[in-house]
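Please look at the sequence and the model below.

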Amino acid sequence: MRNKIYLGLLLIAFIFQGSILHAEAKEEFDYKSPEFKVVAQQFACTCGCGQDHYECDPNTCQLTKDFKADLVGMMNKGWDKDKIRQYYVNIYGEEILTAPEKNGFSLTAWVLPFVALGTAGGGLFFVIRKWVKRKGTEEPVMENQTTEEEVEGEILSSIIDEERKKYL
């Protein structure tokens with residue numbers, strides 16, 4: 001009876017060996033895998049191109065070529081996205097990240113300029129609105145022309161008319 005049980009277990013193990021081995025096999029990552037893209041896009045290239053490491057051209061940038069090779073090696077060793085991120089932040093600081101950390105001073109440093117611009121825009125809006133309201137309530141002031149100015153104006157217009165008649 002025991003031999004039949006052992007033979008049955010051996011038969012079951014033989015049938016399911018493909019699925020067991022498949023589950024144990026590690027996934028190999030390369031430059032085109034979606035997991036690599038997610039990991040590489042979180043790091044800014046340090047060559048000065050202003051792109052992340054996924055978008056930076058490895059044909060013109062030796063830094064990104066080495067960086068991508070390191071990323072693939074780490075991912076094939078089983079490192080996850082957060083562990084790789086923490087590793088490079090410890091080496092280069094937060095300057096290597098394409099997006100700021102969502103805590104502490106870095107969040108303040110990224111948000112504060114937008115808050116300042118919004119506040120300045122709102123203040124400018126209210127100042128201009130106040131000027132427009134003040135200007136609209138004032139009555140236009142009519143300047144009283146003296147008789148001398150009226151006489152001078154008539155003389156000038158008559159001289160202009162005479163000159164025009166000479167040439168036309």
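This is a predicted model: local features need pLDDT of at least 70, side-chain atom pairs count only at pLDDT 80 or more; totals for chains, interfaces and linings use all residues.

Residues are numbered from 1 along each chain as its sequence is written, and side-chain values use heavy atoms, without hydrogens and water.

The largest nonpolar core has 15 residues, and F43, L71, I84 and Y88 touch the most other members. A nonpolar core is a set of buried (under 20% relative accessible area) Ala, Val, Leu, Ile, Met, Phe, Trp, Tyr and Cys residues joined through side-chain atoms within 4.5 Å. Helix 3 (34–40), helix 4 (62–76) and helix 5 (81–92) each supply at least two residues of this core. Helix 4 gives the largest share, five residues. Helices are DSSP runs (H or I, at least four residues), numbered from the N terminus.

Now the charged pairs. Side chains of opposite charge can pair when their charged atoms come close. A salt bridge is a side-chain nitrogen of Lys or Arg within 4 Å of a carboxyl oxygen of Asp or Glu. The whole structure has two salt bridges. In one, the closest N and O atoms of R164 and D161 are 3.7 Å apart; these residues are three apart in helix 7, so about one helical turn separates them. In the other, K166 pairs with E163 at 3.3 Å between the closest N and O atoms. K166 is exposed (over 50% relative accessible area), at 60%.

Notes
Buried means under 20% relative accessible area, exposed over 50%, partly exposed in between (1.4 Å probe, protein chains only).
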